[in-house]
Amino acid sequence: MNREEISNKLKSFLSKFFGKKNVESLGDDDDFFSLGFVNSLFAMQLITFMETEFDVTIDVAELNMDNFNTLNKIINIIENKTK
C-alpha cells in the first residue's frame with residue numbers, strides 16, 4: 001500500500017470524527033489534537049483503526065499522542081511497520 005492509499009484511508013476514518021469539510025482543509029502536518037477536534041477516546045479508536053485496517057501492532061511504548069497527532073506522523077508509523 002502506498003502513502004497516498006494510506007492517507008486516503010486515514011482521511012476517510014478521520015472524517016467520521018472531524019466532518020468531511022474539516023478533513024479536506026486539514027494539512028498533513030496540522031496537529032488535530034491541538035485543534036480541538038479530538039479527545040482521548042478518539043485516540044484509542046484511532047489506534048484500533050490503525051491496527052485493524054493496516055494489520056500493524058502499536059506497542060505500548062509508542063502510545064504517546066505526539067506520535068499520532070498529524071497525518072504525516074501516522075502515515076510514517078504505518079509505513080515503517082508495513083515495510
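Residues are numbered from 1 along each chain as its sequence is written. Because the model is predicted, local features need pLDDT of at least 70 and side-chain atom pairs pLDDT 80 or more, while totals for chains, interfaces and linings use all residues, and side-chain values rest on heavy atoms, without hydrogens and water.

A pair of aromatic rings is described by the distance of the centres and the angle of the planes. Rings of Phe, Tyr and Trp (its six-membered ring) are paired if their centres lie within 6.5 Å; planes under 30 degrees apart are stacked, over 60 edge-to-face, and the rest tilted. The structure holds 10 aromatic pairs. One of them, Phe13 with Phe49, is stacked, at 4.3 Å centre to centre and 15° between the planes. Phe13 belongs to helix α1 (residues 3-18) and Phe49 to helix α3 (residues 40-54), so this pair ties together parts 36 residues apart in sequence. Helices here are DSSP runs (H or I, at least four residues), and strands likewise (E, at least two), numbered from the N terminus.

Phe13 is buried, with a relative accessible area of 7%, and Phe49 is buried at 15%; buried means under 20%, exposed over 50%, and partly exposed in between (1.4 Å probe, protein chains only).

Ring pairs also join Phe13, Phe17, Phe18, Phe32, Phe33, Phe42, Phe49 and Phe54 into a cluster. Within this list, Phe18 and Phe32 are both buried.

Over residues 4-82 the chain is 61% helix and 0% strand, with the end C-alpha atoms 14 Å apart.
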